[in-house]
Amino acid sequence: MKPKTQRLTLGLFAVAAIVAAALLALSALKDQAAYYYTPSDAAKAHLQPGAAVRLGGMVEKGSLTRLPDGVTIRFVVTDGGASVPVRFQGIVPALFREGSGVVADGRFDATGLFVADTILAKHDERYMPPQVAGAMHKSKSLAK
Amino acid sequence: MIAEAGLAALWLGAALCALQLFAAAIAVRGESELAAIVRPVAVAQAALTATAFALLIWLFVRVDLSVLLVAQNDYSLKPFLYRFAATWGNHEGSMLMWVTILGLAGAAVAMFERKLETRTLLATLGGQAVIGLGFYAFLLFASNPFARLDPPPAEGQGLNPLLQDPGLAFHPPTLYLGYVGLSVAFSFAIGALVTRDVGPAFAKAMRPWVLGAWIFLTIGITAGSYWAYYELGWGGWWFWDPVENASLMPWLAATALLHSATVLATRDGLRAWTLMLAVVAFSMSMIGTFLVRSGILTSVHAFAVDPRRGTFLLVLLFLYIGGALALFGARVGTVREGSRFDLVSREAGLVANNLLLSVILGVVLIGTLYPLIAEALGVKISIGPPYFNLAAGVPALVLVTVMAAGPLLRWRRDDGRMLLRRVAPAATVALLALILVTLFAPPIGLLPLLGLALAAGLALASIAPLWRRNLLRTPLFTWGMVLAHLGVAVSLAGVACDSSFTVEKLVAARIGETVAIGPYQVRFAGLDPVFGEDWQALQATLEARRGSGGALILNPQARTFWAPPTETSETAIHTALDGQLYTVLGKQAGEGRWQLRLWWKPFVTLIWAGGALIAIGGALALVGRVRRRHRPAREGW
């Protein structure tokens with residue numbers, strides 16, 4: 001094979017591979033990326049039920065209840081401005097507690113209840129999710 | 001005094017690093033007596049940082065609370081292993097380990113590299129010093145590990161309990177050896193670009209260094225994955241967490257580099273591309289360091305919350321990656337084109353390997369950085385496993401297909417029909433596996449199904465290069481390749497089995513109740529308080545029975561640590577030949593019940609067994625290469 005043809009074929013293969021990868025990545029991004037909302041953002045955004053959403057905020061004090069089956073809990077996530085009721089089935093992380101930061105992945109159902117698939121709590125005492133810190137700061141300064 | 005001695009050693013190391021750069025820069029230009037001092041200076045520099053690091057370890061083991069870092073991260077009641085490992089369980093200590101390994105890697109090159117042309121070697125050590133200076137500056141000006149605290153507190157604040165595990169002693173050092181070891185490949189590329197000396201001899205000199213870093217990276221990732229699996233108690237082994245991706249990306253680039261360096265060493269092809277990959281591989285390490293250490297991510301790995309540190313690292317990142325790419329751009333035109341090859345040939349197979357690895361690297365990089373960039377623009381987005389599984393999984397399966405055929409190809413030119421005949425047995429096995437799984441296994445997703453079939457085919461294809469060879473006379477690096485490729489097949493089979501056949505159960509159980517999970521009957525036999533050196537826990541006793549066999553006892557715990565006060569759950573795992581029974585004790589569920597989460601994970605252990613095989617394969621190849629270097633070269637290796 002001539003050097004030029006070889007370079008051309010290789011180049012074409014490379015371009016084809018990159019285009020295919022980009023298409024794959026884009027389509028996967030479009031379907032699978034979950035947007036991050038605080039309760040205030042979510043209230044404004046009129047979210048489609050069923051869309052993948054990541055919800056972040058604080059677990060409202062006194063809102064945590066356990067359903068009779070022993071493995072499902074309900075609580076309210078708040079950022080000081082708005083709040084969202086959440087249902088979760090599973091073992092909550094050790095650091096999950098009322099008044100503490102939480103990030104929940106899941107989706108809204110038709111009634112406005114947030115059904116969480118996974119729950120992440122802050123990792124140690126010194127840390128609050130930056131997004132939550134930002135949102136709480138915003139709503140505090142609004143309150144003033 | 002120890003802390004001051006450590007700081008002094010660090011400053012001296014930084015000064016020697018500057019001297020190393022200066023001497024190398026002068027010596028590269030022409031004959032100079034400074035050439036003679038570059039190697040010894042590199043070794044002395046490493047000795048000084050290693051001393052500083054050893055002194056920091058000493059401070060941690062002795063729990064010297066007058067040192068700020070120790071007071072913040074250590075606790076006198078912790079067992080020796082955790083006081084020792086707590087040295088790098090924090091930002092400053094882990095950055096000092098980073099710089100120490102960087103220095104040691106440079107010293108190793110200075111002491112053991114004998115094949116590389118002298119000027120290129122000098123330029124390489126100069127490159128290593130450039131990287132070193134930036135990170136010394138980061139340590140000394142933004143992350144001083146030896147800062148004092150006056151007055152000292154009565155007790156330290158302790159280590160994050162999630163990190164209190166033997167894994168902390170091994171996972172970060174091995175991962176860093178790999179991460180930072182790739183700096184050698186980067187410096188080699190810089191050296192070669194400076195002296196314009198890129199050819200088979202260069203590739204042969206660079207390859208063992210890349211291989212060494214890659215082995216450690218493989219071990220670090222595999223061990224980290226297993227650590228996350230049993231420590232977090234979520235039943236998963238890979239979460240596509242940005243921090244995990246930060247270790248995967250250099251591995252992908254280094255894997256591509258290993259293969260392209262082989263083309264350069266054997267056939268003098270892919271010159272510019274190999275240099276590019278060497279730059280990319282360590283750039284990925286630095287991006288990873290930035291992601292993990294800048295505090296931009298919130299995870300168990302992110303210790304720093306000081307924004308100045310993030311900015312400092314970002315500036316270093318731009319300087320080094322930008323500088324290397326600029327040098328590459330300026331010099332690549334003068335790197336002569338390598339030799340050519342046919343479209344059906346070993347080279348072409350390796351080019352396909354490189355393209356696919358780059359594609360996977362690209363989608364992982366996009367998925368990791370996109371949320372950060374979007375957030376900087378005011379959009380908050382999270383990209384999770386569904387994206388990565390699809391966007392990285394599909395090219396990975398194509399890669400596995402290429403991998404099966406690659407080693408069966410001849411260099412330079414091969415015959416397509418002969419190739420088909422050679423891969424026919426593997427293709428048949430893959431097809432058989434596909435049919436058997438579809439017929440007899442419970443219905444599973446398309447990707448795992450293809451994964452299982454391809455794993456079977458790859459397993460056979462990867463041992464095919466040993467067919468009809470005298471096994472005792474087969475070179476070690478051929479054995480290495482065979483084992484590493486087999487390891488990929490084994491891992492892939494584990495991943496596919498875990499994702500398709502895992503059974504999970506979440507229950508609220510009373511003491512005495514029995515739960516069925518997979519082939520096991522698990523009885524919740526009791527719940528007792530237990531105490532450790534710096535924690536107390538509730539411990540469940542679970543009796544697992546399989547068929548008519550005797551009872552296995554599993555003891556998952558819900559632990560409470562005292563310093564800092566934290567709750568963690570300790571999983572209890574039983575490993576059988578055909579999988580693992582994974583149990584977690586949850587919270588109290590009311591009415592005398594306790595939450596139990598149980599998984600039956602068939603063949604999940606194959607994932608890490610495969611990782612171990614890959615690392616062993618790498619080690620065999622390394623030994624083979626190094627031994628061959630000390631003998632007169634034969635053609636064709």
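Predicted model: local features only at pLDDT ≥ 70, side-chain atom pairs only at ≥ 80, totals over all residues.
Two strands count as paired here if DSSP finds at least two bridges between them.

Strand S1 (residues 34-37) of chain A pairs with S1(B) through two bridges, in the antiparallel sense. One position can be located on each strand: A:Ala34 has B:Ser382 in S1(B) as its bridge partner.

The contact between the chains draws 38 residues from chain A and 40 residues from chain B. On the side of chain B that touches chain A, the elements giving two or more residues include both helices and strands. The helices are H12 (346-376) and H13 (385-405) of chain B. The strands are S1 (381-382), S2 (503-509), S8 (565-570), S10 (579-590) and S11 (593-602) of chain B. By class, this side of chain B consists of 21 nonpolar, twelve polar and seven charged residues.

Next comes a pair of helices in chain B. The axes of helix H1 (residues 2-29) and helix H2 (residues 35-62) of chain B come within 8 Å and cross at roughly 160 degrees. An angle over 145 degrees counts as roughly antiparallel, and H1(B) and H2(B) are therefore roughly antiparallel to each other. The crossing of H1(B) past H2(B) is left-handed. Where H1(B) contacts H2(B), the residues comprise 24 nonpolar, six polar and no charged ones.

B:Leu257 belongs to helix H9 (residues 242-267) of chain B. Is B:Leu257 buried or exposed? A residue is buried if 20 or more other C-beta atoms lie within 10 Å of its own; B:Leu257 has 33 C-beta neighbours inside 10 Å and therefore counts as buried. Which residues is B:Leu257 in contact with, leaving aside its neighbours within four places in sequence? They are B:Ala185, B:Val210, B:Thr274, B:Leu277, B:Ala278 and B:Ala281. For B:Ala281, 24 residues from B:Leu257 along the chain, the separation of the two C-alpha atoms is 7.7 Å.

Methods. Residues numbered from 1 in each chain as written. Chains lettered and ligands numbered in written order. Axes fitted to C-alpha atoms, helices over the stretch in contact; angles between N-to-C directions. Helix = DSSP H or I, 4+ residues; strand = E, 2+ residues; numbered from the N terminus. Parallel < 35°, antiparallel > 145°, perpendicular 65-115°, else oblique. Left-handed = near helix turned anticlockwise from the far one by under 90°. Nonpolar A, V, L, I, M, F, W, Y, C, P; charged D, E, K, R; others polar. Contact = placed C-beta atoms within 7 Å. Buried ≥ 20, exposed ≤ 12 C-beta atoms within 10 Å, placed from the backbone.
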